[in-house]
Structure formats: structure tokens, C-alpha cells
Amino acid sequence: MNKVTILEDWCKGCGLCVRICPKAVLAISTTHLNKKGYYPAEVVAPEACIGCAGCFRTCPDTAIEIEKE
Amino acid sequence: MSTVIKKTPVLRDVHLHYCPGCGHGIVHRMVSEVIEELGIQGKCAGVAPVGCAVFAYNYFEIDMYEAAHGRAPAVATGFKRVHPDHYIFTYQGDGDLASIGTAEIVHAAHRGEKITTIFINNAIYGMTGGQMAPTTLVGQKTTTSPLGRDKDHCGEPIRMAEMLSTINGSAFIARTALNTTPNLIKTKAAIKKAFETQMAGKGFSMVEILSPCPTNWGKAPAESMEWIGEAMIPYYPLGTFKEV
Amino acid sequence: MAKKLMKGCEAIAEAAIQAGCRYFFGYPITPQNDIPEYMSLRLPQVGGCFLQAESELAAINMVYGAGGAGARVMTSSSSPGISLKQEGISTIAAAEIPCVVVNMMRGGPGLGNIQASQGDYFQAVKGGGHGDYHAIVYAPASIQETVDMMQKAFDKADEYRTPVIILADGLIGQMMEPVELKEAKDLQLPEKPWAATGYTPGGKKPRSVLNSLYIETEDLDELVDRLFERYAVIEKNEKMVECYNTEGAEYILCAYGTVARICKAAIRILGEQGIKCGLVRPITLWPFPSEAVHEALAQESVKEALTVEVSAGQLVEDIRLAANGIKPVQFMGKAGSRIPSAEEIAERILEMKRG
């Protein structure tokens, strides 16, 4: 099972990962702010992740880690 | 057995100051990964420009210089002549390279300087607050082209990759973009090819990377990536312009 | 080493090589051309590297790169070219990188001409670039003195991690004089742990960052404190001056470089007419030898001083500051490249005597 982890306090809520993810695994939180005061990305459909690492590739702040099968 | 994809140690463990959705952070990661993969961290130095990436000397876990505006290729030349068996890259924006630093980049290529240049083209001056750059598109509004760039007034944007590829000293010149997964993959491959060109001592190498600047384009990050595809790529065609 | 008849520019280049300089980045401009020309032939012979840059501005930034990489490095130019280097010199001073910059001054302002001049004193001594910084400034008066100075220039640059400026003029560059060059035995170049020579995480050498940007005021404070503490040490230890015939003199001439040699001839002429005239010649223009100037002028016997320059009056300001009103300091000189004769200088002293 592929596992995506958002390093929440490194995220600036830019949404590029959400845009590029082919499986809608990620979304920008609308409920809580991170330490920087951004609404961070969060994993909303972990089981859908196919481990393509598109999110990791487009993240400007290397705020994502992926465990890939 | 699972593999973990995470930050390379060549990219220092510090928060980047760049705006949300800025392309610099993406390219910083790529350059760092290439340095790690080529195993040259111990013999690699970098030269930061003046512009948004002026703080890049804080972000790479290698020896770094901070150069005066536009002069990174000259600084890198000085370093490379002292340490010809080491590797060096300049990391420059379009104001730094395509405006004040044109003489330095043209002559670094002209001399076939064995250095690599990572050139971020985001069609604007970021650090100083969104002024027109030599790469600003016709009609593009900036703080110094408030009614949109007028080509009769200040000409059409400059295409550095094509220009530098006509110089014999250039051994590898490519232009890529950050707006799609295929283009992200090609960008890192081009950066790696540029460093390999330097390692093989073939001459000057540069990758021009079309990169988003959400803050100064006045567009959300996702929208900025779309704009690269819709507006920038048609004027700045992607591809390899020189490969020796 | 036997004496050799050498042109100033070439002697300077050879002396730099003897002092361990192995990298030179330059650009053609009269009257300093023989320096890059000589270096282009000689440096490869000693395993060094000569590179002609696309501009003087690019050259000083190559010096920044090479000096930051730990090398003994030099550039040279003449007045307009030195103006192009000012931002680079300020950056090098702030990044604490050693290097040597030779200025063969020529007539100014603007393109001026290619004759000798002294119009760049303020630029070199007060700092032609932006911000508060200093470079050690040596002002040679002969080719032999320039040659001897090169070893000191590179040593002091490394010792204090600062740019060192050799402020010469077109005469020194273009004259030929017999010169004795000391063969450089085994040169121990100082360790430069701060230099960019390759960094391995966890290794002995820390990561090198050659930088002059300190965006937080506290950080910039730290840099300027470090720089100015160093400048205070330089001011204490590195002042150089020649006092010639000043003991009990009635008049004191103040001049540097080639003009100081002409003043010595004027002193001989005046001596023959029973007028005792001395010369105070600053050899370091920064740090400026104020105490020696003051002391010479403070003598009972001294009525007045006369500062002689090939400029509209720049050294004279520092002489007046040093004199601090203790004696009147007259000025003789003109902008451009009009070099006074010994007779003209002597005549001026006679006028002052007639009152």
C-alpha cells in the first residue's frame, strides 16, 4: 500500500499537489491552519494513492513523503 | 519492500522563503537530487544570484557563493579556473541572467566555460515586486508595464536558450517547464544532462526553466501553472537547442 | 638577483607571480596593458591561469570567484576600468575575500586621456563602491618600490582577508627602471579554511559561504563589527610613510607616488638656495599616516606645508585633516594629467616664502 505523508508545517497550502494528483488523494484543509498560518494540504483518500509521486515532484517545499510499494 | 521518496540531504533542512507555489523550490529539489545522484556533493559549489533566489546560499548543502546581480557566471568562472576538477553551477533568474547579466552569460558560453547554469524564467522580476523583465511577454501587465508590455516601446521578450545555443562554446542548452508531470520529469533529466555535460568537460551547459510566479503574476499557483502552458510555452518552445 | 631594466607594468606582473599570484583576470585599457599581456604569457608557465574577461566588471567578479576559492588572485586596470570594478570591490570587501587590484591611474574625468594622473585618490582611499568599507591602499613612487610592495600586498590581503589596492599611475606603469626582483623561494601560503575548496558533510572543513548579503540588521551588525575591528588593527599596524629631509625644515611638501619623486628634485633646488624643505610621502594612503604628517608639520621650524598632486586636490584634504589646523596647508595641482616640474614646485615654495 502506498503511503503519502504531508509534512504539515512545511506546507504553504499552494495546492499544486492537489492539482497534479491523478487520483484526488489530496485536498487543502479548510478546517485548520498550520504553524505558518496556511491551510495545509492533507490526505483525504489514502487508499487511492498509486505511488506516482507526482505530488512530491511538484511540491515547491518538499513537504511530502511517499512510501511506495 | 517499500522505497521512501523524501527530501535529499543535499537540500538543507531549512524552510524556503519562497512564496506558495513558486517554482524555485521545485528546481532547488531537482538540482539537489541531481548532485546527490551524480555523487559530486563533496566537489560541487553553487553561485546564487540577486533576485528571489538570492538566499539560495542557505539552501544547498555545498559551498556557496552569493554573487552581485548578473555576475554569477563570472564568479563561477573564477572558481572553476581555480578548481578545474570541481563542479559549479550558477542559479539565476531572468532579471539576473537575461538583463544585467547578459554579457557575463554570453561570454561564459563563448569561452565554453565548463560550468552549468540553471536559468529560472518566470517572465518577471520577483524579489523586487513584479517589474517587467526582458522575458516578460508582450501584453503582460507588470508594475513597470502597467498597461501590458508594448513591443513598440520596449521590444519583444528575449529567448536566451535559442540565443546561447548559437554560440560554439555551448555544449548543452535546453528549455523545459514545470507545469506538468512530464515536463517536471524532463526538467530534472535536463538538469542532470547539463551537469553530466560539465563533468565530461564538453563546455558550457544551461537549462532554461519556465517557472510560475503566482504572487507577481497575480494568479493562484494552479492557475499560474496553466498560464505557463497557455501563454509562455507558445512563445518559449521547449526542447533541446544544443547538444554536443 | 641582478638588476634588470624592466617596464613598470611588467615588473609588477612578475613581482605578483613571485608573491604567489597564480590567477589574473583583466581587460585591455591603456596605460596598464602590459600587465595582462605579461600575465598572459607568464602565468601558464608557472601553472597559473590568465583570463581576459569581457569587461573590467566581469574581471573583478572572476577575482571574487577565484579569491573565494582560496587562490592568490589579482586584477589590474586604469581609472575608467577601476570605476567599473567598484561594486565588485565593495562586494569582495564585505565577503572578506583577499585580492589585489592595481590601478594605473590615467587622466580623467570621463575618458580623459592616457597620461598619468592622480585623480582616483578619493575613489581608492575613501571607497569608490557603496557602503562603508576600506581597502588597504599602497601608493608606490618607483618601480622598485612597487615590486617590493607586491609581496606585502598579497600577504596583507590574505592576513586581513581584504582587497588591497596598488594606486600607481601611468608613469610608473610605462617607465623602465632597473629593478631587482627577489626570487620567490618556497612560498608558504596561509591556510584558508573559509575558502570554497569542496565540502563534505561531517568532514573537517565547514561549509563555505562567500556572501555579502545580511538581510537582518543584527547579522549586518556582526559583519560590520568584524570588518571595523579588523580595520582598527590595520590602522594600528600597517601605516607606512616616508619622511624625507623633514627634520628642522622650514617648509614641508606632501605628495605621493611619482609626484613625490619630483618633489625631491624641488627640495634639492630649494636646498641650493638655502631653503630647507622636506617631504612627507604617505606610502599607505589607507591606513593614512596622520600622526607622521602631524608630527612633521608640528615642528617649530615649519612655517607652512604645500600638498602637490596631479588632481584638483584630494590628498590635500587628508593632509589638512592630519594637520588639524596646526599649520597652513597650501595646495598646488590641477585636474587632468598636468604633471608639475621640480622648478614649478620650487617656485611655488619661493612664492610662499615671499608671502
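Let's begin where two chains join: strand 3 of chain B and strand 9 (residues 209-210) of chain C pair in the parallel sense, with two bridges between them. Within this pairing, B:Met64 has C:Val209 of strand 9 of chain C as its bridge partner. Please keep in mind that this is a predicted model.

The size of an interface is often given as the accessible area lost when the parts come together. Between chain B and chain C that buried area is about 2600 Å², with 59% coming from carbon and sulfur atoms.

## Where chains A and B meet

Chain B also touches chain A, in a contact that takes 23 residues from chain A and 31 residues from chain B. Three residues, A:Trp10, A:Arg19 and A:Arg57, supply 28% of the area that chain A buries against chain B, more than any other three residues. The buried area between these two chains is about 2300 Å², and carbon and sulfur atoms give 59% of this area.

The count of salt bridges between chain A and chain B is one. In a salt bridge of 2.8 Å, N to O, the side chain of A:Arg19 meets that of B:Glu226. The elements of chain A that give two or more residues to this contact side are helix 1 (16-20), helix 2 (54-58) and strand 4 (64-68). Strand 4 of chain A gives the most, with five residues. The side of chain A that touches chain B divides into eleven nonpolar, two polar and ten charged residues.

Strand 4 of chain A also takes part in strand pairing: three bridges join it to strand 1 (residues 3-5) of chain B, and the two strands run antiparallel. A:Lys68 has B:Thr3 as its bridge partner in strand 1 of chain B.

And chains A and C? These two do not touch, and their nearest C-alpha atoms are 20 Å apart.

The table sets the two interfaces side by side.

| Interface | Buried area | Polar contacts (residue pairs, both at pLDDT 80 or more) |
|---|---|---|
| Chain A and chain B | about 2300 Å² | eight residue pairs |

## Inside chain B

Strand 3 of chain B has a partner within its own chain too: strand 2 of chain B pairs with strand 3 in the parallel sense over four bridges. In this pairing B:Val47 stands opposite B:Tyr65. Strand 2 of chain B is also joined by four bridges to strand 4 (residues 87-93) of chain B, and these strands run parallel. There, B:Cys44 stands opposite B:Tyr87.

Why is strand 2 (residues 44-48) of chain B described as largely enclosed by the rest of the structure? Five of its five residues are buried, so the strand has the rest of the structure around most of it. In a regular strand the side chains alternate between the two faces of the sheet. In strand 2 of chain B both faces are covered, with B:Cys44, B:Gly46 and B:Ala48 buried on one side and B:Ala45 and B:Val47 buried on the other.

B:Ser32 is found in helix 1 (residues 23-37) of chain B. Is B:Ser32 buried or exposed? Its relative accessibility is 0%, so B:Ser32 counts as buried. Leaving aside neighbours within four places in sequence, B:Ser32 is in contact with B:Thr8, B:Val10, B:Leu11 and B:Phe60. A polar atom of its side chain lies 2.7 Å from the backbone oxygen of B:His28.

B:Thr176 lies in strand 6 (residues 170-177) of chain B. With a relative accessibility of 6%, B:Thr176 counts as buried. Beyond residues up to four places away in sequence, B:Thr176 touches several others, among them B:Lys186, B:Val207 and B:Leu238.

Methods
Residues numbered from 1 in each chain as written. Chains lettered and ligands numbered in written order. Predicted model: local features only at pLDDT ≥ 70, side-chain atom pairs only at ≥ 80, totals over all residues. Heavy atoms only, no water. Buried < 20%, exposed > 50% of the residue type's maximum accessible area, 1.4 Å probe, protein only. Contact = heavy atoms within 4.5 Å. Polar contact = N/O pair within 3.5 Å; in protein donor to acceptor, adjacent residues only side chain to side chain. Buried area = accessible area lost by both parts, 1.4 Å probe. Salt bridge = Lys/Arg side-chain N within 4 Å of Asp/Glu carboxyl O. Nonpolar A, V, L, I, M, F, W, Y, C, P; charged D, E, K, R; others polar. Pairing = 2+ DSSP bridges.
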